[in-house]
Amino acid sequence: MNELAGALSPYLRQHAANPVAWRQWSAAALAEAAERDVPVLISIGYSTCHWCHVMAHESFEDKTVADAINSRFVAVKVDREERPDLDAVYMQATMAITGQGGWPMTVFAFPDGTPFFAGTYFPKSHFLRLLDAVHTAWTTQREELEHQGAAIVEASAQTGPAFADVTVACPLDGPCPPAPPIRTDLLDAAAATTLASADTVNGGFGAAPKFPSVPALRFLCDAYVRTGDAALLDHVKLTAERMARGGIYDQLEGGFARYSVDAEWTVPHFEKMLYDNAELLWLYARLYGEDALFARVADETAAFLLERFSTEEGAFAAAFDADTDGVEGLTYVWTVRELEAVLGEDAAWAAEVFGIDPANPNFEHGANVLELPRDPRDSARWEAVRHRLLAARRLRAQPGRDDKVVAAWNGLAIAALAEYASRTGHRDSLLAAERAAELLRRVHIGADGRLARASLAGVASEAPGILEDYAAVALGFLRLGGDWTARAQGLIEQIREHFTDFEGGFYDTAADAEALVTRPADVHDGPTASGWALAAAAMLEAFQVTGEETYKDDAWRAVARAEPVMAANPRFTAGLHAAAEALARAQRTELSTGDGELSTGGNLLLPLDYRTCCSRWKKAIWLRRDGGDTRGFANVAIPRPRAALQPRAVPAGAASSMERGGGGAPGPPPTARNCRPDGRESHSASSYICLPLGKRRAYVCEL
């Protein structure tokens with residue numbers, strides 16, 4: 001009997017009316033397979049997956065197919081967003097068998113979970129033949145299947161990445177070496193390799209289908225900070241502009257679709273994911289001062305998150321479907337006649353503005369995805385047209401929304417909204433981030449400090465949090481600051497206790513989690529940075545906020561352990577490369593007696609020779625000498641914070657930052673005129689604030 005009606009996952013509930021006797025993944029389901037002596041059919045997908053819907057309509061809603069499954073298999077449905085651990089294990093097996101992966105994922109396994117055959121989408125006729133073939137092999141060639149299953153598990157284990165032994169250089173009880181965990185020439189090579197795969201015309205990387213690849217863009221930003229290589233930042237800005245003007249961006253409402261099916265960002269796969277919009281909000285917030293287009297997209301994306309992704313409980317939903325009433329993109333696309341019906345005499349002007357060629361529609365059945373090739377001169381008319389079209393679009397049938405709250409994705413959204421608020425002073429975004437954090441604290445974090453992966457309507461799933469959940473939520477909490485810092489530290493302690501491999505790296509699943517056929521430990525990025533990279537970033541952020549050196553040592557070991565994989569595949573380990581860049585900066589900017597220039601009056605003048613990507617100046621400074629003694633440093637000139645930010649005092653030995661709004665070329669370093677001998681500013685127009693003599697603290701000018 002189908003048991004999915006009581007599932008927490010909206011994706012599983014979509015299959016509750018199927019004639020297939022679906023079970024949720026559980027020990028009881030596997031025990032039933034053992035008792036009946038039948039294989040387990042594991043179908044893995046997610047709620048906004050187009051081809052998952054197609055296979056459901058073709059096969060899982062069909063009684064003939066259901067009878068073939070129910071009589072010879074135990075059928076298990078898995079939401080990959082709720083159980084990414086299962087998805088990772090069986091995707092690895094699928095890749096080992098077929099050389100490629102995707103969703104829906106179709107896996108046949110022994111009752112102990114060992115896979116012996118796998119694939120992705122199968123049309124109904126092929127799927128029926130496959131069910132017959134697997135049943136025949138199970139009943140007549142069991143021994144061969146057992147050998148095949150063992151070989152798949154062994155191949156999956158052997159294809160895991162090779163890691164470095166770093167505990168000799170940096171034992172687990174620390175401290176780590178003062179040198180960066182990866183040489184800067186290797187970081188330069190990684191940036192060059194990443195840029196070599198760039199599409200220099202359309203932005204992004206590679207050909208179709210094209211994904212935003214924010215981890216790679218973040219790495220290029222960080223590499224630009226260190227090197228000043230304008231080509232790195234130029235590609236980030238090119239990509240941001242092309243995406244903002246393409247169909248992957250919703251030109252009426254804001255927000256980004258998951259990816260583009262073409263290389264020009266024209267036709268999206270229409271599903272909208274929380275993680276994409278969170279990561280892209282971060283990107284456009286960092287570019288906020290570079291161009292009015294980037295500022296507008298950041299504003300609209302933040303508004304889209306708050307208005308369309310917010311749940312009643314205060315957090316953010318997972319995703320919007322690509323399909324409406326079974327038709328992909330139905331809500332979003334426009335024919336010329338539909339434009340005319342809504343806009344009347346403005347229709348022809350709007351078609352030109354939105355890049356529509358009536359003779360050559362860019363989508364199916366004569367419809368068009370709206371783009372914005374260039375900003376219209378008449379901005380007031382354009383805003384009026386957008387408003388009228390959006391109002392008409394909202395009267396159409398709307399795509400479904402997956403309302404489950406995923407911990408990791410909410411952590412990314414919290415961090416992005418806090419970053420956006422710090423740059424714009426947008427209080428509603430900060431309040432929304434705090435509400436989401438409160439929901440995670442109240443619903444997802446148990447009394448034992450452990451984190452649930454997902455929740456729905458304020459009820460936590462039994463699915464445990466994985467590494468990316470703990471790390472992303474910790475990052476979000478750290479960006480909020482205040483009381484959230486201690487809560488973030490609690491999550492980092494959970495990572496240390498339950499996810500470490502005791503050699504400097506991490507597993508994706510906790511040591512006491514359900515034992516699967518393999519225990520994944522992956523450093524490769526997906527749409528977001530890997531859990532490993534997020535953990536390193538969270539630990540480095542914790543170090544910058546608290547000054548606790550053991551956090552930096554943990555981040556150092558995590559990056560150094562993964563160095564062989566990073567060197568072999570820099571394009572898809574960009575998250576860790578970004579962490580390595582941050583660590584290189586932190587190691588390089590320790591101040592000693594000889595660093596800086598002591599001016600008359602006893603001021604330590606720090607050079608402004610580093611600048612961050614995207615309209616922000618930043619340099620990590622450690623105000624310490626000889627174990628944290630700040631005596632000998634007099635006044636330190638650091639840039640004045642922007643008006644929208646409130647500096648926070650941190651103890652000596654902690655990391656501080658230098659920040660100044662605005663883009664353009666680096667300004668001159670501070671001079672002795674900026675600070676008077678008593679530590680007060682010499683004139684009101686100064687771009688710097690001065691720390692009084694003997695004051696043992698610095699100011700952090702970012703959330």
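Mentor: Pro209 is found in the loop between helix H8 (184-196) and helix H9 (214-227); helices (H or I, at least four residues) and strands (E, at least two) are DSSP runs, numbered from the N terminus. The peptide bond that joins Ala208 to Pro209 is cis, with omega about -10°. The model is a predicted one, in which local features need pLDDT of at least 70 and side-chain atom pairs count only at pLDDT 80 or more, while totals for chains, interfaces and linings use all residues. Residues are numbered from 1 along each chain as its sequence is written, and side-chain values use heavy atoms, without hydrogens or water.

A cis bond also links Trp103 to Pro104, with omega near 5°. Pro104 belongs to the loop between helix H5 (84-98) and S4. Most peptide bonds are trans, and most residues other than glycine have a negative phi.

Trp265 is not a glycine, yet its phi is positive, about 65°. This residue lies in the loop between strand S6 (259-260) and strand S7 (268-269). Trp265 is buried, with a relative accessible area of 0%; buried means under 20%, exposed over 50% and partly exposed in between (1.4 Å probe, protein chains only). His365, likewise not a glycine, has a positive phi near 60°. In contrast to the buried Trp265, His365 is exposed, with a relative accessible area of 77%.

The 15 residues of helix H15 (residues 379-393) should span 21 Å at 1.5 Å a residue, and the end C-alpha atoms are 21 Å apart, which agrees; the expected span is 1.5 Å times one less than the number of residues. Its buried residues are Trp382, Val385, Arg386, Leu389, Leu390 and Arg393. They cover an arc of only 130° around the axis, which puts them on the same side of H15; the arc is that of the directions from the helix axis to the C-beta atoms. An α-helix has 3.6 residues a turn, so residues three or four places apart point the same way. On the other side of H15, Ala380 and His387 are exposed. The buried residues of H15 pack against helix H12 (292-309), helix H13 (336-343) and helix H14 (347-353), where contact means heavy atoms within 4.5 Å.
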